[in-house]
Amino acid sequence: MLNDLTDSLALPVIGSPMFIVSGPELVIAQCQAGIIGAFPALNARPAEALRQWLEQISEQLRQYSDEHPDAPAAPFAVNQIVHPTNDRLEHDVALCAEFEVPLVITSLHAPNQVVEQVHAYGGQVFHDVTTLRHARKAVEAGVDGLILVCQGAGGHAGRLNPFAFLAEVRAFFDGPLVLAGSITRGEQIAAARAMGADMVYMGTRFIATQEANAEASYKQMVLEAAAGDIVYTNLFTGVHGNYLRQSIEAAGLDPNALPEGDKSAMRYGSGGSSKAKAWRDIWGAGQGVGSIDSLESVATSVATLSRDYRQALDALRRL
């Protein structure tokens, strides 16, 4: 089933669905460049806008593939927050079924019901996990693949080292594994493949692109930041994540003295989200920011990643 998603890819990469940042323009550009583009369903607001987004993405990718039969667009993905407070979930998954979205990425809760609905139309479900317990629960729910969100990933992230996490999950799951966490370079994609990952998840690398729906100051902050500027905290959403120190300071907070967050305050869906306000002003990014030093198009970024990935594979073969 993995081949159904990867046959048209220029690189084994999924563009991570990023709150606010990932919209139709970014997703379309990523798919046309040959990687899987993804966006959170909750980025389309109000809920009725999700139909418009799916129509736009589906039609533009179909047209592009018709015009480029030798290098068609990659498939796209929609991220669904499977959290009890997401009162849009049923509506949003139903639209994904109507448009037969090839890949649904689920997060923050066991995705049993979503798996059934997506499998019914022939789609696949990959689930974000940060712990072995969550990985096992997702496998029990019948997901097709796991996204291992490791230490250093932008936004919500776990604490596990990728070497340890991937090896332990592979011991009980032989399906597709996607590795996430500080991956911003082509040689790092090759390293992930060498470790046994099938694909990688890249978000921060695409914040500083022309097509990203991010403020100019956010993009510039990514270009100027280094790994030491990333702060890991659960203050803003109740779930631990990585944020840019400079944006925390701009909000009048001391990044070195942040209080603990309240997980019970998390809310998603039409009723609003605790992270909506936080991530509008306090910006997520991963520890790989130090490798990003230029604002360019998605096409240029993917071309560079592809060149460096191929060179790294050649170097590995010579070892």
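The tour below goes through a predicted model, stop by stop.

**A pair of helices.** Begin by selecting helix H2, residues 24–33, together with helix H12, residues 298–318, whose axes come within 9 Å and cross at roughly 40 degrees. The crossing of these two helices, H2 and H12, is right-handed. If you now show side chains, you can look for the place where Leu26, Ala29, Gln30 and Ala33 of H2 meet Val298, Ala299 and Val302 of H12. The residues of this contact between H2 and H12 divide into 6 nonpolar and 1 polar, with no charged residue.

**Two cysteines.** A disulfide is a covalent bond between the sulfur atoms of two cysteines. The cysteine sulfur closest to that of Cys31 is the one in Cys96, but because the two are 14 Å apart, they are too far for a bond. Cys31 is buried, with a relative accessible area of 0%, and Cys96, at 1% relative accessibility, also counts as buried.

Just after H4, select Glu100, which takes a positive phi of about 50 degrees.

**Backbone stops in the loops.** Most residues other than glycine have a negative phi, and most peptide bonds are trans. With that in mind, go to the loop between strand E2 (37–40) and H3, where Pro46 is found, and look at the peptide bond from Arg45 to Pro46, which is cis, with omega near 0 degrees.

Then move to Leu108, in the loop between E4 and H5, which has a positive phi of about 75 degrees although it is not a glycine. At 30% relative accessibility, Leu108 counts as partly exposed.

Finally, select Ser182 in the loop between strand E8 (177–180) and helix H8 (186–195), where phi is positive, near 70 degrees, in a residue other than glycine. Ser182 counts as partly exposed, at 24% relative accessibility.

Definitions and conventions:
Residues are numbered from 1 along each chain as its sequence is written. This is a predicted model: local features need pLDDT of at least 70, side-chain atom pairs count only at pLDDT 80 or more; totals for chains, interfaces and linings use all residues. Side-chain values use heavy atoms; hydrogens and water are left out. Axes are lines fitted to C-alpha atoms, for helices over the stretch in contact, and angles run from 0 to 180 degrees between N-to-C directions. Helices (H or I, at least four residues) and strands (E, at least two) are DSSP runs, numbered from the N terminus. A crossing is left-handed if the near helix is turned anticlockwise from the far one by less than a right angle, and right-handed if clockwise. Contact means heavy atoms within 4.5 Å. Ala, Val, Leu, Ile, Met, Phe, Trp, Tyr, Cys and Pro count as nonpolar, Asp, Glu, Lys and Arg as charged, and the others, Gly among them, as polar. A disulfide is a pair of cysteine sulfur atoms within 2.5 Å. Buried means under 20% relative accessible area, exposed over 50%, partly exposed in between (1.4 Å probe, protein chains only).
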